[in-house]
Each structure stands twice: as C-alpha cells, then as structure tokens.
Amino acid sequence: MFERFTRGARATVKGAVAQAERAGADSVTEEHLLLALLEQEGGRTSFAVTALGLHDRRASLDAAFAEARRRGGLTRADTDALADIGIDIGAIVSRVEGAHGEGALAAGRTGRRWWSGHRPFTPGAKTVLENSLRVALGRGDRFIGEEHLLLALTAKPGVVADVLAEHGATYAAVRRALYGSEADGGQGHAKAG
C-alpha cells in the first residue's frame with residue numbers, strides 16, 4: 001500500500017513519526033497524523049486546511065487534544081453518553097489526578113520503542129492509513145495523497161474526527177474544500193469507515 005503514497009503523503013507519515021518523537025509518545029497516533037498534515041505546505045490539502053481555518057485555530061486544536069488525553073481518550077460523545085447515565089467524567093478525572101497527578105489517565109509510556117528502535121503506529125493510526133486507500137479507490141484515484149489521509153481522519157470515529165468536527169472540518173466540509181463542486185456531483189464518494 002505504501003508504494004501508492006504520493007511524496008506528500010509519505011512526508012505526512014514521516015512527519016507524524018516526528019510529531020510523536022517531539023511529544024515523547026511511544027507510538028504514532030491519529031493525532032500525530034493530523035498534526036503532520038497541518039504542517040504540510042503547498043498542495044490541495046494545505047489549501048483545504050487553510051480554507052477551513054484549521055491553521056488559524058492550531059492552538060484550539062492542541063487544547064482540544066490535550067483535554068481529550070486528559071479524559072483518557074474519551075470522545076465528547078462518550079463523555080456526554082456517560083453523563084446521561086449519571087457518570088461525571090470531569091469529577092472522575094479530577095479525583096484520579098488528585099490521587100495520581102495531572103494526566104494520570106493519559107496513555108502510559110511503556111518504553112517499547114527504546115527496544116525496537118522505532119515508534120509503532122497505533123491500531124487507530126493504521127486504520128486511518130488503510131481507510132485512506134478506501135477513500136482513494138472510492139474516488140477512482142490510483143494514488144494515496146494527503147487529501148485521502150485527511151478525509152480518512154474525518155471519517156474514522158474518535159477523538160480526532162470529533163475535534164475536527166468541533167472546528168467545522170467534517171467529512172463533507174473537508175470533501176467540499178478539497179474538491180469543490182466535484183464533491184457533490186462527480187465521481188464516487190466512498191466514505192472510509
């Protein structure tokens with residue numbers, strides 16, 4: 001599959017590894033893929049990200065991801081669903097952090113990368129890469145580009161898709177920003193999932 005990646009998509013994957021390294025993370029996540037996409041310059045995806053205002057709201061995106069990590073990776077939908085049955089995630093996080101320190105519910109560091117020499121991709125990040133192929137095939141493209149990665153990130157349920165949606169970057173909005181009127185009446189529109 002990696003042989004189908006464009007130069008920009010490969011740079012995004014390498015950038016995600018660099019993002020994980022800078023963050024001191026043991027593995028590469030969907031969040032790292034998105035942050036690497038936000039750093040890419042030139043091309044259709046950079047234009048779409050700018051048109052959607054994501055570059056201008058980078059601090060807000062970072063804060064939303066930090067809050068999600070603080071909640072142990074629960075999405076807002078998960079938090080709201082639990083609140084509907086009387087479970088206050090905010091109170092639980094506060095109690096756990098009071099006993100174990102700030103960020104206690106964030107993913108632990110196992111040190112596995114020090115033995116293997118590289119950071120593995122999480123199952124969620126691997127799914128995004130696989131879904132980018134589905135998006136490309138659904139559009140009739142013979143390559144996997146940055147735009148397919150971005151669409152796959154918006155299509156995979158989870159924290160990244162939630163944060164993007166909160167910032168106005170839903171699957172449909174990203175597709176329109178990438179492809180304009182072609183998004184509404186052109187080729188197939190397979191949604192990864």
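**Helix packing, buried residues and salt bridges**

Helix α1 (residues 7–23) and helix α2 (residues 30–39) pack against each other at an angle of about 115°, their axes lying 8 Å apart, in what is a predicted model. Since angles of 65 to 115 degrees count as roughly perpendicular, α1 and α2 are therefore described as roughly perpendicular to each other, and α1 passes α2 in a right-handed crossing. On the α1 side the contact is made by T12, G15, A16, Q19, A20, R22 and A23, and on the α2 side by H32, L33, L35, A36, L37 and E39. The residues of this contact divide into seven nonpolar, four polar and two charged.

One of the residues of the α1–α2 contact, L33, is also touched by A125, as are V28, T29 and E30, when residues up to four places away in sequence are not counted. A125 belongs to helix α8 (residues 123–139) and is buried, with a relative accessible area of 0%. Although A125 and T29 are 96 residues apart in sequence, their C-alpha atoms are 5.1 Å apart in space.

E30, which A125 touches, leads on to the salt bridges, of which a search of the whole structure finds five. The side chains of E30 and K156 meet in one of them, with an N to O distance of 3.2 Å. Because E30 lies in helix α2 and K156 in the loop between α9 (146–155) and α10 (159–166), this pair ties together parts that are 126 residues apart in sequence. Both partners count as buried, for which the relative accessible area must be under 20%: E30 has a value of 18%, and K156 one of 19%.

A second salt bridge links R58 with D62, whose closest N and O atoms are 3.3 Å apart; here both residues lie within helix α4 (residues 58–70), four residues apart, or about one turn of the helix. R58 is partly exposed, with a relative accessible area of 26%, and D62 is likewise partly exposed, at 32%. In another pair, D141 forms a salt bridge with R139, with 3.8 Å between the closest N and O atoms; D141 is buried at 17% relative accessible area, and R139 is buried at 6%.

Burial can also be followed along a whole helix. In helix α11 (residues 171–179), seven of the nine residues are buried, so this helix is largely enclosed by the rest of the structure. The buried residues are Y171, A173, V174, R175, A177, L178 and Y179, and α11 is followed by G180, whose phi is positive, near 60°.

How values were computed: Residues are numbered from 1 along each chain as its sequence is written. This is a predicted model: local features need pLDDT of at least 70, side-chain atom pairs count only at pLDDT 80 or more; totals for chains, interfaces and linings use all residues. Side-chain values use heavy atoms; hydrogens and water are left out. Helices (H or I, at least four residues) and strands (E, at least two) are DSSP runs, numbered from the N terminus. Buried means under 20% relative accessible area, exposed over 50%, partly exposed in between (1.4 Å probe, protein chains only). Contact means heavy atoms within 4.5 Å. Axes are lines fitted to C-alpha atoms, for helices over the stretch in contact, and angles run from 0 to 180 degrees between N-to-C directions. Angles under 35 degrees count as roughly parallel, over 145 as roughly antiparallel, 65 to 115 as roughly perpendicular and the rest as oblique. A crossing is left-handed if the near helix is turned anticlockwise from the far one by less than a right angle, and right-handed if clockwise. Ala, Val, Leu, Ile, Met, Phe, Trp, Tyr, Cys and Pro count as nonpolar, Asp, Glu, Lys and Arg as charged, and the others, Gly among them, as polar. A salt bridge is a side-chain nitrogen of Lys or Arg within 4 Å of a carboxyl oxygen of Asp or Glu.
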